[in-house]
Amino acid sequence: MHKQMGGSSSNILKSVSEAFNPDMADAPRTLLVILNHNSLAKMGEQALHFIRSIASTDYPNLDIVVIDNASSDGSDRLIEEELNRIGRGVLVRSEKNLGYAAGNNYGFKLFAQDSKYVCFLNNDIEIEPDWLRKIIEVMESDEKIAAAQPLILQLRRRELLDSLGGTIDRLGRAYDIGSGLKPPQNINQPFDVFYARGAAIVVRSDVFKLLSGFDEDYHIYYEETDFCWRARLLGYRIVSVPTAKVFHLGGATSGGATPQTIYLRRKNQLATLIKNYSVGNALLYPFLTTIIFLLTALKRSIFSKDVPTSHAIISAILWNLRNLKKTVRKRAEIQSMRKISEDKLSKHILGILQYNRKVRYLPKTY
């Protein structure tokens with residue numbers, strides 16, 4: 001399945017981390033997982049700049065692993081050489097592209113045995129050195145916080161937000177709070193969000209393990225939304241920590257909106273609704289969403305002549321029909337663990353009209 005440097009994974013990470021910073025007594029052990037797939041072809045030499053930036057995180061008890069998703073552009077070799085030069089982190093090669101969900105789960109399974117926290121970070125992120133320390137300080141203050149994210153700013157326009165956190169509406173339409181806007185003034189305290197952005201998310205290892213990590217049927221998109229929803233069903237909080245800052249290039253993995261990304265987003269949106277809503281809502285809102293998808297596909301095909309997008313949307317619906325039994329089994333598992341009522345959870349979900357009003361002012365929806 002994979003190829004890696006000699007020695008056991010835990011011993012490799014321990015020795016590398018201790019060599020980088022021997023003062024490890026005070027901070028909970030944390031694993032940082034980064035995925036790579038042909039980043040040299042997509043970002044050029046900037047790919048190594050991001051690795052160097054991430055490796056400069058000043059958290060003292062940190063293990064870093066790069067999971068290479070079967071790159072063919074030589075980026076895996078260059079990143080491995082860079083990690084060796086820095087003296088921090090290891091690279092593991094997967095024989096196939098596992099995607100976001102399975103790739104991050106793979107890193108967790110290999111290296112998180114002794115970690116209290118695990119951080120999943122995109123490979124197009126530039127960090128402020130104390131970002132992770134600030135997040136873990138907040139999570140240490142409340143054991144009911146299952147996941148957290150920093151304030152994510154745009155890399156190209158650093159005065160603008162990429163995400164203050166994520167929220168959804170009843171139909172599962174998700175968007176990043178504040179995307180494209182300037183950050184609000186004087187936000188210094190952590191606050192609750194519905195989900196933490198997968199580009200930079202820190203989670204409790206025990207909760208991640210309890211929930212079996214990200215849903216690997218998602219491949220990419222909505223996996224963090226689904227995970228945080230499941231964590232909320234168990235009574236955990238999800239927070240944004242605005243004093244912790246990172247800068248996100250964006251689009252370096254998926255390349256932006258295409259029929260394939262539209263297919264994955266709509267497929268996973270429907271599956272998330274079916275899995276996580278209570279019985280009544282699990283019947284109502286996936287049905288309404290499917291009707292909206294069908295109307296959208298029809299409109300795209302007839303008026304815009306956009307047949308590829310229409311086909312992608314229909315394919316997303318068909319995938320959910322073909323895999324309904326499997327999704328229902330997953331639903332039964334998470335609902336059996338549920339600890340909070342639908343009414344309590346609904347307070348954190350936008351109404352449909354409320355969502356429509358808000359996204360008028362946001363240039364980026366999910």
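Is C228 buried or exposed? C228 is buried, with a relative accessible area of 0%, where buried means under 20% relative accessible area, exposed over 50% and partly exposed in between (1.4 Å probe, protein chains only). C119 is likewise buried, at a relative accessible area of 0%. The structure contains zero disulfides, a disulfide being a pair of cysteine sulfur atoms within 2.5 Å.

The model is predicted, and local features need pLDDT of at least 70, side-chain atom pairs count only at pLDDT 80 or more, and totals for chains, interfaces and linings use all residues. Residues are numbered from 1 along each chain as its sequence is written, and side-chain values use heavy atoms, with hydrogens and water left out.

The protein chain has 366 residues, of which 57% count as buried. Its secondary structure comprises 14 helices and 13 strands; helices (H or I, at least four residues) and strands (E, at least two) are DSSP runs numbered from the N terminus. Among contacts in the protein chain with a separation of 6 or more, 79% are between residues 24 or more positions apart, contact meaning heavy atoms within 4.5 Å. The accessible surface of the protein chain is about 15800 Å², and carbon and sulfur atoms hold 54% of that surface. Accessible areas come from the Shrake-Rupley method with a 1.4 Å probe, and for residues only the protein chains shown count as cover.

The second largest pocket holds about 510 Å³ of space. It is lined by 20 residues, and those closest to its centre are R173, R266, Q269, F293 and T296. Two or more lining residues come from each of α9 (259-276), α10 (279-302), α11 (307-322) and α14 (352-359). The largest contribution to this lining is that of α10, with five residues. By class, the lining has ten nonpolar, six polar and four charged residues. Ala, Val, Leu, Ile, Met, Phe, Trp, Tyr, Cys and Pro count as nonpolar, Asp, Glu, Lys and Arg as charged, and the others, Gly among them, as polar. On a 1 Å grid over the protein atoms alone, a pocket is an open set of points where a 1.4 Å probe fits, with protein on both sides within 12 Å along at least five of seven lines, and lining residues have an atom within 4 Å of a point. Grid points are joined across faces, edges and corners, and a volume is the space filled by probe spheres set on the points.

Several individual positions were also examined. G198 lies in the loop between β11 (191-192) and β12 (200-204) and is buried, with a relative accessible area of 4%. Apart from neighbours within four places in sequence, G198 is in contact with Y100, F120, N122 and E224. N122 is 76 residues from G198 along the chain, and their C-alpha atoms are separated by 7.8 Å.

I86 belongs to helix α4 and is partly exposed, at 24% relative accessibility. When residues up to four places away in sequence are not counted, I86 touches R52 and A55.

A70, in the loop between β3 (62-69) and α4 (75-86), has a phi near 55°, a positive value in a residue other than glycine. A70 is partly exposed, with a relative accessible area of 28%. Phi of K305 is near 55°, again positive in a residue other than glycine. K305 sits in the loop between α10 and α11 and is exposed, with a relative accessible area of 65%.
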